[in-house]
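This report describes how the chains of one model are built and how they meet. The sequence and structure come first, and the text follows.

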Amino acid sequence: MIRPASRIASAAAAPALVVVLLATLPVWLGHHPYYVNIASQILLWAVAALALNVLVGYAGLVSLGHAALLAMAGYTVGLLLQAGYGHLAADLGAIAVTLAASAVFAVLALRSTGVGFLMITLALGQIVWGIAYRWAGLTNGDNGISLAARPAPFGLSLAGAEAFYYTALLIFLMALVSMRILVRSPFGASLAGTRDQPRRMTALGFNVWLIRFLAFLASGFWSGVAGLLYVYYHQFIAPPAAALTASAEILLMVISGGAATLLGPIAGAAIVVIMKNVASAYIERWNLVLGVIFILIISFMPEGLVPGSVRLARAAWVWLRARLPGREGRYTQERIS
Amino acid sequence: MSLWLTLAVNSVALGGLLFLLSSGFSLIFGLMRIPNLMHGSFFMLGAYLGVALLARGINFWIAALASAAAMALIGGLIERVLLRRLEGQVLPQVLLTLGFAFIIADVCLMLWTGDPWQPATPDHLRGAVQVAGLYFPLYRLVVVAVAVAIAIALWLLVDWTRLGAMIRAGVDDAPIARVVGIRVSQLFTLVFALGAALAGFGGVMGAPYLSVYPGLDFEMLPLALIVVILGGVGSLLGALVGSFLIGFLYNFGTALLPDLAYVILFLPMVLILVLRPQGLFGKVTT
Amino acid sequence: MNALTVTGLCKSFGGLRVMDGVDLSVSPGERRLIIGPNGAGKTTLFNQITGEIAPDSGTVGLFGRDITRVACRRRAHLGLARTYQIITLFPHDTILHNVRLAFLGLSPLRWNPLAALDRRQALAERAYAILARIGLDHIAERPLAQTSYGERRRVEIAMALAQEPKVLLLDEPFAGLSIDERGDVQKLLLSIPRDVTVVMIEHNMDVALDFADRITLLHFGKVIVEGTRAEVVADARTREVYLGT
């Protein structure tokens with residue numbers, strides 16, 4: 001199974017090209033802070049969508065409470081910074097809190113699967129939102145928590161749009177690579193197995209519950225990382241970050257792009273962030289647009305935009321070929337019928 | 001009236017409203033296995049419609065019934081036209097209801113602005129009644145009475161009619177029910193419309209003292225979820241007990257520990273999930 | 001010592017008693033056939049032996065060890081494997097991957113989140129070896145969704161064999177097969193080494209009878225007759241159950 005060097009080169013060429021494109025993106029965007037910031041938003045939401053995709057796509061467990069995990073990381077950073085801790089301590093604390101919360105979410109939600117799992121995560125997410133909103137003594141309620149400044153790791157300030165973009169890009173690439181390794185690993189295979197045939201997996205000797213639990217922790221970890229990016233990007237966090245709408249947006253990214261694919265959630269994040277920015281420039285009704293997109297995608301492309309577009313393109317190609325004159329066209333038509 | 005008594009009366013009244021909301025939610029979930037995420041939206045939209053009708057001087061009860069009918073129509077249509085096409089695909093069905101929840105929320109915001117609306121309590125329901133030397137606000141008692149009456153009506157419907165027998169059969173085992181010739185699909189539309197109507201009716205009943213405001217939908221939805229997790233899916237008795245339990249926890253929690261009201265709501269749910277995941281009155285499914 | 005011992009197994013679903021005090025002893029290396037009309041409780045018996053369903057009362061023992069309270073997944077590690085009457089495979093994956101999962105279930109490798117599964121040559125080779133035994137190695141890379149029903153039946157058996165069980169439970173391995181395919185599966189079953197104990201549920205008598213050392217007839221959750229092939233076939237109660245006379 002030794003692959004020729006040329007094939008390895010061509011297999012490595014496409015990702016390398018994309019990385020180069022992403023690394024030079026600020027140049028293509030004319031160093032315009034507004035566009036660079038939108039690119040940063042896409043990257044941060046892509047990390048969140050990749051995190052949720054571990055559960056939705058690979059474990060077959062649909063969570064509607066993931067924004068709460070993201071927000072919890074953001075709030076922890078805000079509170080620890082307020083309490084006088086440094087950025088590193090605050091970030092580590094935030095990840096620890098998010099992991100602990102993920103463990104609690106997982107233990108409760110994994111009492112059930114399918115629709116029950118979705119309901120429990122939704123209820124848990126709303127409770128976190130309720131705490132953020134009502135426990136004003138801790139969270140400052142509706143007014144939220146502001147961050148004085150972005151961190152400056154190794155003396156490099158992230159205050160500027162481009163400095164932040166490169167940080168987000170680095171973290172995004174780390175998330176993407178780790179996801180790729182995870183889904184191709186034996187553990188990834190075990191996880192997909194629990195999604196498709198949990199009963200058989202148990203009979204084969206797999207601990208289905210523990211596999212799902214660990215997947216939830218992995219998902220929670222990257223949600224926490226996305227939460228760090230979120231709170232540093234906005235330098236502000238408030239209850240809407242934990243709301244059901246936010247959880248639904250992340251889920252929309254995963255589903256619209258294509259669950260259980262690596263690129264789907266990223267495409268979904270790009271679509272949702274761009275739509276949101278475009279929509280909010282013209283109309284105030286983002287939720288309306290969100291709802292309509294949801295319904296359109298579910299009705300016409302239930303498998304997601306990336307696999308869905310491939311399917312539609314194929315169908316269109318077959319349709320075209322069938323209508324072209326000549327033997328080949330007839331042959332195709334016969335084969336279809 | 002003492003603080004405790006006021007709280008207790010408010011709790012019972014909220015419990016009644018929650019029952020109107022969650023009984024339909026529970027039946028829909030039990031029968032169709034769809035957690036209808038627009039159920040809170042039916043409650044809110046029903047309330048807004050009620051407010052609009054009341055503002056035109058229409059009688060309170062007629063307004064409530066008209067809102068319920070409108071919700072039944074909208075719910076029935078969504079079920080018939082869209083949810084039906086996704087039969088058996090649980091996730092798309094859930095997402096569809098979520099999409100509609102967002103649309104309804106935004107349309108309400110557009111039509112009724114972001115300000116809260118609080119219709120006046122209808123004249124004939126104002127004032128207080130004296131019971132055992134204590135004065136109770138009449139309206140709260142009426143809410144409870146209506147909820148209890150509807151609970152009895154639902155119980156009669158589900159336990160004593162042919163339609164109810166079909167619903168019970170469908171809740172217990174939809175494929176078998178289909179095999180024995182119950183037209184499950186028509187039943188689905190009917191139960192969905194009934195659930196929507198109950199939620200809309202509850203919205204109007206709640207408007208005079210909860211008021212109506214953007215976000216009410218997603219505040220009520222998790223309450224309905226928690227009630228059903230507590231009481232057990234598809235169980236009317238469970239919805240009733242769960243509703244009053246949450247009604248008390250919510251009011252007393254908000255009054256005594258306002259910061260932690262949501263945590264207090266969360267605790268019984270955790271206990272139930274750990275100790276009895278099928279809910280207090282739910283059946284174990286294999 | 002018995003390979004498999006079941007004593008006083010009882011199970012009710014709702015008010016319906018589907019298992020009513022079943023006793024079963026299978027010696028090491030034995031081929032045991034379990035027969036009985038539909039609803040006799042054969043698959044329920046298997047589900048309780050593997051631990052997928054907990055019995056109301058009674059015990060299950062594996063080589064002298066009481067495993068009644070042992071989790072289903074642990075029993076696989078103790079050397080118990082089964083196939084399903086209703087095909088329970090991984091439809092999105094290739095035949096190779098299905099078999100690979102069976103190996104993975106008993107290997108500590110299953111927890112590894114960093115290794116590349118496709119590059120584990122040793123694992124792939126073992127899977128190919130099993131697939132060669134059932135004659136599917138030439139289509140190992142084919143997605144399961146593109147295979148025939150008979151091929152899937154054989155993959156069911158391959159997954160159980162891959163786990164190198166001490167006790168193998170086969171739930172109607174001939175169900176829905178053509179005559180040619182039955183011959184293939186029969187050859188496959190005969191090739192299972194004698195150190196493996198096999199318990200098989202089967203309706204198809206002409207292929208199953210040859211295979212069995214002893215036969216147990218189950219009816220309404222009770223053992224009606226047990227003995228050698230000749231004894232069970234000759235027993236009046238067998239005819240009563242099957243012919244209703």
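Along the sequence, the elements of chain B run α-α-α-α-β-β-α-α-α-α-α-α-α. That gives eleven helices and two strands for chain B, where helices (H or I, at least four residues) and strands (E, at least two) are DSSP runs, numbered from the N terminus. The radius of gyration of chain B is 19 Å, close to the 19 Å that the globule rule gives for 286 residues, so chain B is as compact as a globular protein of that length. The radius is taken over C-alpha atoms, and the globule rule is 2.2 Å times the number of residues to the power 0.38.

The model is predicted: local features need pLDDT of at least 70, side-chain atom pairs count only at pLDDT 80 or more, and totals for chains, interfaces and linings use all residues. Residues are numbered from 1 along each chain as its sequence is written, chains are lettered from A and ligands numbered from 1 in the order in which they are written, and side-chain values use heavy atoms, with hydrogens and water left out.

The C-alpha trace of chain B spans about 55 × 45 × 35 Å along its principal axes. Of its 286 residues, 55% count as buried; buried means under 20% relative accessible area, exposed over 50%, and partly exposed in between (1.4 Å probe, protein chains only). Among the contacts in chain B with a separation of 6 or more, 77% come from residues 24 or more positions apart, a contact being heavy atoms within 4.5 Å.

**Chain B with chain A**

The size of an interface is often given as the accessible area lost when the parts come together. For chain B and chain A the buried area is about 3600 Å², with 80% from carbon and sulfur atoms. Buried area here is the accessible area (1.4 Å probe) that two parts lose on being put together, summed over both. The contact involves 41 residues of chain B and 36 residues of chain A.

Polar links across this interface amount to three residue pairs in polar contact (both at pLDDT 80 or more). A polar contact is a pair of N or O atoms within 3.5 Å; within protein, one must be able to donate a hydrogen and the other to accept it, and residues adjacent in sequence count only if both atoms are side-chain atoms. On the side of chain B that touches chain A, α1 (3-32), α4 (90-112), α9 (216-231) and α11 (261-275) of chain B each supply at least two residues. The most come from α4(B), with 15 residues. By class, this side of chain B has 35 nonpolar, one polar and five charged residues. Ala, Val, Leu, Ile, Met, Phe, Trp, Tyr, Cys and Pro count as nonpolar, Asp, Glu, Lys and Arg as charged, and the others, Gly among them, as polar.

There is one salt bridge between chain B and chain A, that is, a side-chain nitrogen of Lys or Arg within 4 Å of a carboxyl oxygen of Asp or Glu.

**Chain A with chain C**

Here 26 residues of chain A are in contact with 34 residues of chain C. The buried area is about 2400 Å², and carbon and sulfur atoms give 62% of that. P186(A), R200(A) and L204(A) supply 28% of the area that chain A buries against chain C, more than any other three residues.

Twelve residue pairs are in polar contact between chain A and chain C (both at pLDDT 80 or more). The elements of chain A giving two or more residues to this side are α8 (161-184), α9 (186-196), α10 (198-203) and α11 (208-234). The largest share, seven residues, comes from α9(A). This side of chain A divides into 13 nonpolar, seven polar and six charged residues. Two salt bridges cross the interface of chain A and chain C.

**Salt bridges**

Over all chains the structure holds 16 salt bridges. Some of them are listed below.

| Pair | N to O distance |
|---|---|
| E156(C) and R200(A) | 2.8 Å |
| R134(A) and E219(B) | 4.0 Å |
| R17(C) and D20(C) | 3.2 Å |
| E226(C) and R32(C) | 3.4 Å |
| R82(C) and D171(C) | 3.7 Å |

E226(C) lies in strand β10 (residues 222-228) of chain C and R32(C) in strand β3 (residues 31-35) of chain C, so the pair ties together parts that are 194 residues apart in sequence. E226(C) is partly exposed at 32% relative accessible area, whereas R32(C) is buried at 1%.

In the pair R82(C) and D171(C), R82(C) is buried at 5% relative accessibility and D171(C) is buried at 0%. R199(A), E52(C), R82(C) and D171(C) are linked in a network of salt bridges.
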